[in-house]
Amino acid sequence: MLLTSLTVLLPVLFVVALGYWAGRAKKFDADQVQGINELVLDYALPAIMFVSITKTTRSEMLAEVPFLISLLVAFLGFFLIVFCISFFLLHHSLGEAALQANLVSLPSVAFMGIPIFRGLFGEQGVLSITTASVLALVTVAPLTVVLLEVHGQRSGNHAPRVSALVVGALESSFKKPMVWAPLFAAVLVLFDVRVPGEIDAMLTLIGSATSGASLFVAGLIISAYEIKLNFEVIANVVGKMVAQPAFMVLLIALFGVQEPFAREAILICAIPTAVLAPLLAPRYRTYESEAASTLVLTMLAMVVTFPLAIVLTGG
């Protein structure tokens with residue numbers, strides 16, 4: 001089992017390390033990194049998401065309902081728990097609490113999920129990662145942005161227009177191809193509309209770039225940050241890589257999630273933190289070093305924690 005997990009992870013870690021080396025060696029400038037990032041998020045990833053969903057049946061999709069609920073609570077519920085601890089107990093500002101909650105609750109499903117889950121579960125795993133990505137993008141991501149905007153307006157002594165911020169954040173999320181493309185695919189499946197093979201082949205071709213490009217750009221992004229080690233960063237890493245998967249174990253029992261979805265749900269939560277918080281932190285000038293350090297250290301912790309999670313879930 002351990003050998004299987006290492007076999008899946010080694011190619012992933014190799015490509016991330018390659019991207020990290022390229023970033024440290026200054027092989028790509030900021031505009032080039034942004035271009036690769038847009039290739040993944042706006043073209044390749046939405047394409048492979050669309051294809052993976054349209055290959056399922058309506059009954060298979062409906063069977064995912066307990067899985068969907070558990071993911072929603074694991075992302076949004078865990079975000080709210082960490083936010084309350086950060087804001088009320090640790091006395092962080094609204095922006096700091098939002099970023100800390102994002103770091104601990106949002107896994108990097110878009111960049112790292114597909115290559116890992118395809119190796120572990122085949123195409124069924126891609127469908128699960130697609131579901132997780134969409135849920136994250138329409139819940140935790142816009143909520144984080146809204147809280148940061150309120151934080152920014154408070155700092156600037158302007159009255160926050162919360163309702164406008166919520167609507168704007170949701171509109172922004174639903175305009176992203178990696179949100180509307182899988183949602184459109186889900187509608188087609190629910191109405192038993194079959195996608196022609198020619199379209200499937202075209203989207204598969206661009207979608208096949210997702211795995212390698214997403215991992216490479218993840219390495220490029222990580223290379224831009226320096227590590228700052230303190231108690232809070234360590235707590236963030238433990239919260240993301242240990243506490244959230246453990247929380248998912250409880251949710252699986254609570255909602256009666258069946259295999260293989262139960263195992264997939266735990267492993268989704270065992271993926272390192274997403275890059276969103278480190279990208280947002282400099283824009284709002286808050287929690288910058290902690291966000292960057294948490295991102296890098298969860299990636300390093302993954303070398304130990306993810307194989308362990310695979311073994312403990314019966315892989």
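Author: In this predicted model, a polar atom of the Thr273 side chain lies 2.7 Å from the backbone oxygen of Leu103. Thr273 belongs to the loop between helix H14 (261–269) and helix H15 (276–284). With a relative accessible area of 2%, Thr273 is buried, because buried means under 20%.

Which residues does Thr273 touch, apart from those up to four places away in sequence? Its partners are Asn102, Leu103, Leu106, Pro107, Ser108, Lys240, Thr294, Leu295 and Thr298. Two of these names, Leu103 and Lys240, lead on to a pair of helices: Leu103 is among the residues of H5 that meet H13, and Lys240 is among the residues of H13 that meet H5.

Two packed helices are described by the angle between their axes and the distance between the axes. For helix H5 (residues 94–105) and helix H13 (residues 231–255), the axes come within 8 Å and cross at roughly 40°. H5 and H13 are therefore oblique to each other. On the side of H5, the residues in contact are Gln100, Leu103, Val104 and Ser105. On the side of H13, they are Glu232, Asn236, Gly239, Lys240 and Gln244. Sorted by class, the contact of H5 with H13 has 5 polar, 2 nonpolar and 2 charged residues.

From H13 the chain may be followed towards Thr273. Pro260 lies in the loop between H13 and H14. A cis peptide bond, with omega about 5°, joins Glu259 to Pro260. Helix H14 covers residues 261–269, and Cys269 is buried, at 0% relative accessibility. The closest cysteine sulfur to that of Cys269 is in Cys84, 19 Å away, which is too far for a bond. Cys84 itself is partly exposed, with a relative accessible area of 37%. The structure holds 0 disulfides.

Tyr287 is then found in the loop between H15 and helix H16 (288–312). Although Tyr287 is not a glycine, its phi is positive, at about 55°. Like Thr273, which is buried at 2%, Tyr287 is buried, with a relative accessible area of 5%. Another residue other than glycine, Asp192, also has a positive phi, near 55°. Asp192 is in the loop between helix H10 (177–190) and helix H11 (197–207), and at 47% relative accessibility Asp192 counts as partly exposed.

Note on methods: Residues numbered from 1 in each chain as written. Predicted model: local features only at pLDDT ≥ 70, side-chain atom pairs only at ≥ 80, totals over all residues. Heavy atoms only, no water. Axes fitted to C-alpha atoms, helices over the stretch in contact; angles between N-to-C directions. Helix = DSSP H or I, 4+ residues; strand = E, 2+ residues; numbered from the N terminus. Parallel < 35°, antiparallel > 145°, perpendicular 65-115°, else oblique. Contact = heavy atoms within 4.5 Å. Nonpolar A, V, L, I, M, F, W, Y, C, P; charged D, E, K, R; others polar. Disulfide = S-S within 2.5 Å. Buried < 20%, exposed > 50% of the residue type's maximum accessible area, 1.4 Å probe, protein only. Polar contact = N/O pair within 3.5 Å; in protein donor to acceptor, adjacent residues only side chain to side chain.
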